[in-house]
Amino acid sequence: MSDTQDRWTLEDITALFDGVFAERYQTRLIRGGDEPLYRPANAETPYHQVIFARGYYASALHEISHWCIAGEQRRQQEDYGYWYCPDGRNAKQQKAFEQAEIAPQALESILTHACGREFHVSVDNLGGEVEVDFSAFAAQVEARAQRYLEEGLPTRANAFCIALRGFYHQQKTLAAAVAEGRMCLDQRDETTFA
């Protein structure tokens, strides 16, 4: 196992996310159960929660991607105010799912590569009776990722990408990588674009 693989831990990804975003956005990355969820702050929990599924590293990156794209109003709503239709979708539901997933998965691919990991597109409909055109969806995700790289990442995504690259590729300490991510936030206006 390489040194980079040794550092793909849930503790590190959580420390990087919380380090860059907890203070400014009152948002923390939380290991959850079977289903991911975004939960805004409430009377019991004074911070927003990006909850990823089952302790999967890839799920953490995927949920972070959704959070990095969501605007301020969306971040005040549970699951950003979006619907989620579980596995077993029909053709119409699957098409809507894929359209909603292009930008987050494109961003997830960039963050995944910043960690030195391999990205895998997900159509998330394993139990569905509808045939999914995996190749077409993967091409849409890749095209959107290229557009992000050409036009620039949303502010929070860029800050996190810088922290990930610093930690995983440049072998910086957690503190140094977090500081770089925070510096990026300080230098850019908040922008979101999908």
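This dialogue looks at a pair of helices and then at a pocket in a predicted model.

Trainee: At what angle do the axes of helix 6 and helix 7 cross?

Mentor: Two packed helices are described by the angle between their axes and the distance between the axes. Here the axes of helix 6 (residues 155-168) and helix 7 (residues 174-187) come within 8 Å and cross at roughly 155°, the axes being lines fitted to C-alpha atoms over the stretch in contact, with angles running from 0 to 180 degrees between N-to-C directions. Helix 6 and helix 7 are therefore roughly antiparallel, a term for angles over 145 degrees.

Trainee: Which residues of helix 6 and helix 7 meet?

Mentor: Contact means heavy atoms within 4.5 Å. Among them are Ile-162 and Phe-167 in helix 6, and Leu-174 and Cys-184 in helix 7.

Trainee: What is the volume of the largest pocket, and which residues are closest to its centre?

Mentor: A pocket is an open set of points on a 1 Å grid, where a 1.4 Å probe fits, with protein on both sides within 12 Å along at least five of seven lines, and lining residues have an atom within 4 Å of a point. The largest pocket has a volume of about 1200 Å³, and of its 41 lining residues the closest to its centre are Pro-36, His-62, Glu-63, His-66 and Glu-101. Helix 4 gives the most to this lining, with eight residues.

Definitions and conventions: Residues numbered from 1 in each chain as written. Predicted model: local features only at pLDDT ≥ 70, side-chain atom pairs only at ≥ 80, totals over all residues. Heavy atoms only, no water. Points joined across faces, edges and corners; volume = space filled by probe spheres on them. Helix = DSSP H or I, 4+ residues; strand = E, 2+ residues; numbered from the N terminus. Parallel < 35°, antiparallel > 145°, perpendicular 65-115°, else oblique.
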